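Open the model in your viewer and keep the selection panel at hand. The tour below moves from stop to stop.

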Amino acid sequence: MTALTLKPAGASTPRVDVVVVGVAKGAKGLVVAPGGEAVDAAFDGKLATVLESLGASGSEGEVTKLPAPAALKTPVVLVVGLGAAPAKDETYGTEPLRRAAGSAARALAGTKKAAFALPLEAAEDVAAVAEGALLGAYAFTVYLGGEKKTKNGNGNGPKLPLAEITLLGAKPRDKDHKAAAERAIALTEEINRARDLINTPPNDLYPESFAAIAVAAGKEHGVKVEVLDEKALVKGGFGGILGVGQGSATPPRLVKLSYTHPKAEKTLALVGKGITYDSGGISLKSPGHNETMKCDMSGAAAVFAAVVSAARLGLRVNVTAWLALAENMPSGSAVRPGDVLRMYSGKTVEVLNTDAEGRLVLADAITRASEEAPDAIVDVATLTGAMMMALGSRTFGIMSNDDAFRTSLHEIASEVGEASWPMPLPADLRKGMDSSTADIANMGERMGGGLVAGLFLKEFVGEGITWAHLDIAGPAFHEGAPFGYTPKGGTGSAIRTLVRLAERTADGDLG
Ligand code: BES
Ligand code: MN
Ligand code: ZN
């Protein structure tokens, strides 16, 4: 794990392998971002000119490595692009800083120690740079062996992540700076843990093994964990979770993680879709659509990370996370298109497509979460390909039975640097799920499929409970080249939004 410390500017440059500075596109050419003054001075104030003659543009994510002048105690300077420079009297936005720090940290894989001399004036800058750097320094190398083993492990594979990060110019004695760094460390450790879970292949991560990891993390961080195994699920009548899991050799689980604060006034319930592998079931996915389906538990990983983060941060709010875990497989015991399931709520569902399994496990968990009358329920799920069609692969959709809550979540997501967009739940799409055999079918009209799924879930929310649904099918798993602090594979989508929601709820900012 990468370590992070704060160090004031001024004193001598710390003994590190690389010092990172930012550069942006100003109106009249490149400008060195605040924090980089000492480095620029070592270049006789000509760093921007040097960069221009090297063809640097200052665009987001651009990385330029330079040998350092003798005046610096550091051998190498890494310059990272920040995009457009802010207008006069304005500061760099937190998301550009987070991304730049991430790009720099990624480019520094294989390096031991780096000092980040980026803008670190405000505590929110410290938070953003710390988050970006710690998220950018992530690598998933557990399964690499032989030649592919990390270089530092004597193979030819990827280099080990940057080991030590110093935020140069932050104030270790300032309580806001210190709190920002501590929060970033706890939060990014949980995001990176979620990424590990998402990236772990489904032969190793299945409902039982996921539940065991939750139990261990709960013990470590003071979160109470209760696991319903397949017997308990039968006894409780969780027909949705059981139906989805019945075709698999690895049985389903419903995991409840509760963090409580003695002075909490509000309770948040978070529900996560935890399909450890989605083959589609009898309505089997075709090749090209199943290779990344280990990511279908990203919602469960997100709510798990959020509840543990809330505990580690000691937030004054109760947070309960429900992980609805099952593997969706075809077999002689699998649920068939045409079967009717009796859900935990008592409603019956005609399964028309076994690939629309997420809503079935979520429905049971949402009904169960509703029984405890939380102040709000937020479910997180890689629920529909249709949401990806609508919003692309970097933006999640937000649906809710409460417009104000949906707006708040959208604002919170922007504030923490997560792309999202509010989506409607048009009532006319409900009739597409009418079934002649059961109370509802698990599939409706193809058009607006993401909203149809949202409407299905809405029926399982307890009377009068504020609820929102985040469809993270797009951003949960990144298939392209890494960018900013986003690696290939599991991203940890929605976690920062959930944790900020918990903080806002603790502060009494909502409802
Ligand atoms: N897990 C998938 C959705 C998904 C697709 C997530 C691509 C991430 C990337 C979900 O279970 C699914 O298969 N949904 C179907 C629903 C349909 C059968 C009504 C879909 O979107 O095609
Ligand atoms: Mn599916
Ligand atoms: Zn799925």
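Which polar side-chain atom lies 2.9 Å from a nitrogen atom of ligand 1? It belongs to aspartate 296. A polar contact here is a pair of N or O atoms within 3.5 Å; within protein, one must be able to donate a hydrogen and the other to accept it, and residues adjacent in sequence count only if both atoms are side-chain atoms.

Before moving on, note that this is a predicted model, in which local features need pLDDT of at least 70 and side-chain atom pairs count only at pLDDT 80 or more, while totals for chains, interfaces and linings use all residues. Residues are numbered from 1 along each chain as its sequence is written, chains are lettered from A and ligands numbered from 1 in the order in which they are written, and side-chain values use heavy atoms, with hydrogens and water left out.

**Stop 1: ligand 1**

Select ligand 1 and its surroundings. There are 17 residues around it, where a residue is near if one of its heavy atoms lies within 4 Å. The closest are Lys285, Asp296, Asp355, Glu357 and Gly385. Now show the backbone. A polar backbone atom of glycine 385 is 2.7 Å from an oxygen atom of ligand 1. At leucine 383, a backbone N or O atom lies 3.5 Å from a nitrogen atom of the ligand.

**Stop 2: the zinc ion**

Select ligand 3, the zinc ion. Its coordinating residues are Lys273 (NZ), Asp278 (OD), Asp296 (OD) and Glu357 (OE), at 2.0 to 2.4 Å. Donors are N, O and S atoms within 2.8 Å of the metal (3.2 Å for Na, K and Ca); water is not among the atoms, so sites may look incomplete. Along the chain, the donor residues follow K-x4-D-x17-D-x60-E.

Check the angles next. The six donor atoms around the zinc ion subtend 79 to 174 degrees, which makes the arrangement octahedral. Six donors count as octahedral if opposite donors are over 155 degrees apart and all others between 65 and 115; four count as square planar on those limits, or as tetrahedral if all angles lie between 85 and 135 degrees; anything else is irregular. For reference, ideal angles are 90 or 180 degrees for six octahedral donors.

Colour by secondary structure. Helices (H or I, at least four residues) and strands (E, at least two) are DSSP runs, numbered from the N terminus. Both aspartate 296 and glutamate 357 are buried. Buried means under 20% relative accessible area, exposed over 50%, and partly exposed in between (1.4 Å probe, protein chains only).

**Stop 3: the manganese ion**

Zinc and manganese are 3.1 Å apart, and aspartate 278 coordinates both. The protein donors of the manganese ion are Asp278 (OD), Asp355 (O), Asp355 (OD) and Glu357 (OE), at 2.0 to 2.2 Å. Their spacing is D-x76-D-x1-E. What arrangement do the six donor atoms around the manganese ion make? With angles of 69 to 169 degrees, it is irregular.

Aspartate 278 lies in strand β10 and aspartate 355 in the loop between β13 and α10, so the pair ties together parts 77 residues apart in sequence. Aspartate 278 is buried, at 3% relative accessibility. Aspartate 355 is partly exposed, at 23%.

**Stop 4: aromatic rings**

The whole structure holds four aromatic pairs. Rings of Phe, Tyr and Trp (its six-membered ring) pair if their centres lie within 6.5 Å; planes under 30 degrees apart count as stacked, over 60 as edge-to-face and the rest as tilted. One of the pairs joins phenylalanine 140 and tyrosine 143: tilted, 5.9 Å centre to centre, with 40 degrees between the planes. Phenylalanine 456 and phenylalanine 460 also form a tilted pair, with centres 5.1 Å apart and planes at 35 degrees. Phenylalanine 456 is buried at 0%, and phenylalanine 460 is buried at 3%.

Stay on phenylalanine 460. Lysine 347 lies over its face, 5.2 Å from the ring centre. A charge sits over a ring if NZ of Lys or CZ of Arg is within 6 Å of the ring centre and within 35 degrees of the ring normal. Then select arginine 394, which lies over the face of phenylalanine 483 at 3.7 Å from the ring centre.

**Stop 5: two alanines**

Most residues other than glycine have a negative phi. Select alanine 373: its phi is positive, about 45 degrees. Alanine 373 sits in the loop between α10 and β14 (376-381) and is exposed, at 59%. Finish at alanine 494, with a positive phi of about 80 degrees. Its place is the loop between β20 (489-490) and α14 (495-506), and alanine 494 is buried, at 0%.
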